[in-house]
Amino acid sequence: MFIKNNMYLMLAVIFISLSTSTAISTESVSAEQTSIEISESTTITKDSTTQNTMETASSSSNTKETVISSDDEANQINSVEQTSPVPTTDNEEELRKQFEADSRSSVMSFEEYKSFIETLKKLTPTQSDLPAARAFSAGTQRDQIVAEAKKHLGKPYTQKHPDRLGPNKFDCSGLTRYVFLQVTGKNIGDWTVPQEKSGTKVAISKATISQLQPGDLLFWGNAGATYHVAIYIGNGQYIHAPNYDKNVEVSQIWWSEFPPSFALKMNLTGAKPQGEAINDGSYVTITKKGYNTFSSFNWVKKNTSDNLLNKTYQAKIRYNHINGDTYYSLYDNKGTWQGYINSKAVQKADGKRGIWMKNNEFITVTNKSSTIWGNINDFSAKKGSTASLYQKTYHAQGRYNHFSGDVYYSLYDNKNTWLGYVNLKDLQKADGKRGIWMKNNEFVTVTNKSSTIWGNINDFSAKKGSTASLYQKTYHAQGRYNHFSGDVYYSLYDNKNTWLGYVNLKDLQKADGKRGIWMKNNEFVTVTNKSSTIWGNINDFSAKKGSTASLYQKTYHAQGRYNHFSGDVYYSLYDNKNTWLGYVNLKDLQKADGKRGIWMKNNEQVTIAKKGYTIWGDINNFSSKKGSTNTVYKKTFHAQGRYNHFSGEVYYSLYDNNNKWIGYINKTGVTVKH
């Protein structure tokens, strides 16, 4: 008990001897009734600033009222705070000094105090029947008050303020105040007299003690002048902070030696601190870290919000706790209970989908047989199939961590049109607008010489060059990106596996292999290497059609060509009957300026042997005649060169002895002089 010094003179006037009531009667104690149990009238007021109880006494036979100023009160309180009486002693002189320093001297005479001390010495704490101290149960507040009181068994006694209020030391009223404050959140008073008003006063005896319940309070002394208080724990036992040289202990009620004067039935009536269970059924998403989930309202930790962050659960039940917070009882989609969590850690959703969470990610759709949803609370509205979005990249502006455990992304296209909700299982996150890398393993030929080779296609911040340097060449597109813009970009490598950059597919043409694309050529070439290969397949060179020896120095029509990935160019050759001969490397050919083929040095003397042949000025299309062999019959000319014509004929280029060019004549119209 702690009594302010400013009460000493007043209480000395109204002091009465201790008495014990033996009749059992329950009365509702009003503020006036609990403060007036003595012959003089006592009025209790509360200082709104200090929250300390002030008591002003006035005698019913004296109209003069004693008023103590707040400054005087503060000085007296400070004086008490600096005073801690010496421990109990058998020496009467020392005991008297202790009595004078003890706050209980205001309501007891020295003889009564001496008797009180001697009585306490004779009473032994009840140890054999003491249950082990336990943590709060999920039961009533009465259970929790007893459990909380047991936590402090063995802690020392003090009257020094504020140490007396706990949690490491206590006097009797400091212990009861602390226990009730921890369990109920309410301050029942700082010392015994204010605590008398915290419940309903009843008279008790050994015969009627059974009417009390654990958590009720026992008082010693007359109402308005009590000097000791304890917490009843049932079975005729109580927990209290008795006196100096003693610790908080369990004691039985000593009906003969130290009977309580009266009791208070506390207004707990089995109420649970969490309040009644309220059906809720809403869905909540855990949005804050740093909160615990509890397996009971004794605050036994079950998990943390850090581990459950952003997940959605059903709050089947909620509790409005006495501490002012609301707690949700959470269940997952399998009906497994997850524990209680403070509502401050969650955000209510409008259904099973959970709350919208900003995402701002780019994703590529990877499943073409899933559903695009318009509603993911009850999945009542379908917007289509992911087949229409397959391998395309979209902006996931937000996501929902669904009660089902799945995550749904809210997708928008590059025009900011909402497409619907798609399960994250059917998507793959990209590192930007370019989308995800997709294995391509294709060969492409660059067909646009005025486009850009990019080093970055998320924000197009890095250029690697112009496609002019790659024009009509064939490269390995090892991967591709289906960009958020709607364009496709190929990641190109050369035949040494050197990365070249990203090129828009619009500037490329896919080939059916390493040979590249067919490009119209319409050129005439003459085979100049007789020891090379005629290929039937230039993708993997798995089929040979023969040797160029059979085509050597003949002229063919290269209708098309392939700029091969290897860097070589292969011509697709046809003869004059339009028969395909195969592919020959351009290195083994020489381009001609037409069907005549290439000029080949001849350096022969030939004699015109036949009349009726035409001497041509042009043997590509035979559009120009220079004369007839009739005029030069049997004359000899210098055939400086010849042309192995596409037609299969050989034409000599003739010069006279003055080195004047005469024209072209078919080899069959002359004889070679040896």
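User: Which residues of α5 are buried?
Analyst: In α5, the buried ones are Phe 110, Tyr 113, Phe 116, Ile 117, Thr 119 and Leu 120. Buried here means under 20% relative accessible area, exposed means over 50%, and partly exposed is in between (1.4 Å probe, protein chains only). Bear in mind that this is a predicted model: local features need pLDDT of at least 70, side-chain atom pairs count only at pLDDT 80 or more, and totals for chains, interfaces and linings use all residues. Residues are numbered from 1 along each chain as its sequence is written, and side-chain values use heavy atoms, with hydrogens and water left out.

User: How many residues has α5, and how far does it reach?
Analyst: Helix α5 (residues 110–122) has 13 residues and reaches 18 Å from its first C-alpha to its last, close to the 18 Å expected at 1.5 Å a residue. The expected span is 1.5 Å times one less than the number of residues. Helices are DSSP runs of H or I with at least four residues, strands are runs of E with at least two, and both are numbered from the N terminus.

User: What covers the buried residues of α5?
Analyst: The cover includes α4 (92–101). There's also a charge to look at: Arg 96 lies over the face of Phe 110, 3.9 Å from the ring centre. For that, NZ of Lys or CZ of Arg must be within 6 Å of the ring centre and within 35 degrees of the ring normal. Lys 316 lies over the face of Tyr 331 too, at 4.5 Å from the ring centre.

User: OK, cores. Which residues have the most contacts inside the largest nonpolar core?
Analyst: Ile 145, Phe 180, Leu 217 and Ile 239, in a core of 27 residues. A nonpolar core is a set of buried Ala, Val, Leu, Ile, Met, Phe, Trp, Tyr and Cys residues joined through side-chain atoms within 4.5 Å. At least two residues of this core come from each of α6, α7, β4, β5 and β8, and α7 gives the most, with six. A second, separate core of 25 residues includes Ile 117, Leu 120, Ile 209 and Trp 220.

User: What does Ile 145 touch?
Analyst: Leaving out residues up to four places away in sequence, Ile 145 touches Val 179, Phe 180, Val 183, Gly 215, Ile 231 and Leu 268. Contact means heavy atoms within 4.5 Å.

User: And how many residues of α7 are buried?
Analyst: 11 of its 13, so α7 is mostly covered. Its buried residues pack against α6, α8 (192–195), β4 (217–220), β5, β6 and β8 (262–266).

User: Switching topic: where are the cis peptide bonds at Pro 162 and Pro 167?
Analyst: One joins His 161 and Pro 162, with omega about 10°. The other runs from Gly 166 to Pro 167, with omega near 5°. Pro 162 lies in the loop between α6 (141–150) and α7 (172–184), and Pro 167 is found in the loop between α6 and α7 as well.

User: Aromatics now. How many pairs does the whole-structure search find?
Analyst: It finds 37 aromatic pairs. Rings of Phe, Tyr and Trp (its six-membered ring) pair if their centres lie within 6.5 Å; planes under 30 degrees apart count as stacked, over 60 as edge-to-face and the rest as tilted. Take Phe 443 and Phe 565: the centres are 5.0 Å apart and the planes at 65°, so this pair is edge-to-face. Phe 443 sits in strand β23 (residues 437–446) and Phe 565 in the loop between β33 (555–563) and β34 (569–574), so the pair ties together parts 122 residues apart in sequence. Both Phe 443 and Phe 565 are buried.

User: Why is the pair of Trp 454 and Phe 460 edge-to-face?
Analyst: Because the planes are at 75°, with the ring centres 5.0 Å apart. Trp 454 counts as buried at 16% relative accessibility, while Phe 460 is partly exposed at 28%.

User: What do β24 and β25 form?
Analyst: A hairpin with five residues between the strands, and Phe 460 in the turn has a positive phi of about 55°. β24 (residues 452–456) and β25 (residues 462–466) pair in the antiparallel sense over four bridges; two strands pair if DSSP finds at least two bridges between them. Ile 453 stands opposite Gly 465 in β25.
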